[in-house]
Amino acid sequence: NLKDLTQVSPSGFTELHGAFAFGYTEFLLEKHQAKLAPFLEDAYNDTYQRYQKKEKTESPDDTLNRLLKHLDLPIDKIQTDFAAWAAENYLKLPKKES
């Protein structure tokens, strides 16, 4: 799920994580594109301010919470919507023409 993806360390990042992240990115761009720009701008501004103040970077949980705030959806709803979208876009098999 999305929380697991945000928690994985670089050393534990597998091909499965990469595929999931790619799919999630496609889903967010297709279904929530208008809300992503404000999220990215907010995250950039926070990162820049932390860098200027020589503070620690944002935690994965804080980044996820920032995304959820901008999407204005609970994580369970996003996960359910993503699963349905992924099944429709990645898992459907072509129909045999008669």
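User: How do helix H2 and H4 pack, and at what angle?
Analyst: This is a predicted model. In it, H2 (residues 15-52) and H4 pack at an angle of about 100°. Their axes are 10 Å apart.

User: Roughly parallel or roughly perpendicular?
Analyst: H2 is roughly perpendicular to H4, because angles of 65 to 115 degrees count that way.

User: Why quote both an angle and a distance?
Analyst: Because two packed helices are described by the angle between their axes and the distance between the axes.

User: Which residues in H2 and H4 meet?
Analyst: From H2, they are Phe 20, Gly 23, Tyr 24, Glu 26, Phe 27, Glu 30 and Lys 31. From H4, they are Ile 78, Gln 79, Asp 81, Phe 82 and Trp 85.

User: What comes after H4 (75-89)?
Analyst: A segment that includes Leu 91.

User: Is Leu 91 buried or exposed?
Analyst: Leu 91 is exposed. Its relative accessible area is 61%, and exposed means over 50%.

User: Which residues form a nonpolar patch on the surface?
Analyst: Leu 91 does, with Phe 22 and Tyr 90. Together they have about 350 Å² of accessible area.

User: New topic. Where is Leu 64?
Analyst: Leu 64 sits in helix H3, residues 60-71.

User: Buried or exposed?
Analyst: Leu 64 is buried, with a relative accessible area of 5%. The cut-off for buried is under 20%.

User: What is Leu 64 in contact with, leaving aside neighbours within four places in sequence?
Analyst: Leu 64 touches Leu 2, Lys 3, Thr 6 and Ile 75.

User: And how far is Leu 64 from Gln 7?
Analyst: Their C-alpha atoms are separated by 9.6 Å. Along the chain, Leu 64 and Gln 7 are 57 residues apart.

Terms used:
Residues are numbered from 1 along each chain as its sequence is written. This is a predicted model: local features need pLDDT of at least 70, side-chain atom pairs count only at pLDDT 80 or more; totals for chains, interfaces and linings use all residues. Side-chain values use heavy atoms; hydrogens and water are left out. Patches are made of residues with over 30% relative accessible area and no salt bridge: like charges are joined within 9 Å, nonpolar side chains (Val, Leu, Ile, Met, Phe, Trp, Tyr) within 5 Å. Accessible areas come from the Shrake-Rupley method with a 1.4 Å probe; for residues, only the protein chains shown count as cover. A salt bridge is a side-chain nitrogen of Lys or Arg within 4 Å of a carboxyl oxygen of Asp or Glu. Helices (H or I, at least four residues) and strands (E, at least two) are DSSP runs, numbered from the N terminus. Buried means under 20% relative accessible area, exposed over 50%, partly exposed in between (1.4 Å probe, protein chains only). Axes are lines fitted to C-alpha atoms, for helices over the stretch in contact, and angles run from 0 to 180 degrees between N-to-C directions. Angles under 35 degrees count as roughly parallel, over 145 as roughly antiparallel, 65 to 115 as roughly perpendicular and the rest as oblique. Contact means heavy atoms within 4.5 Å.
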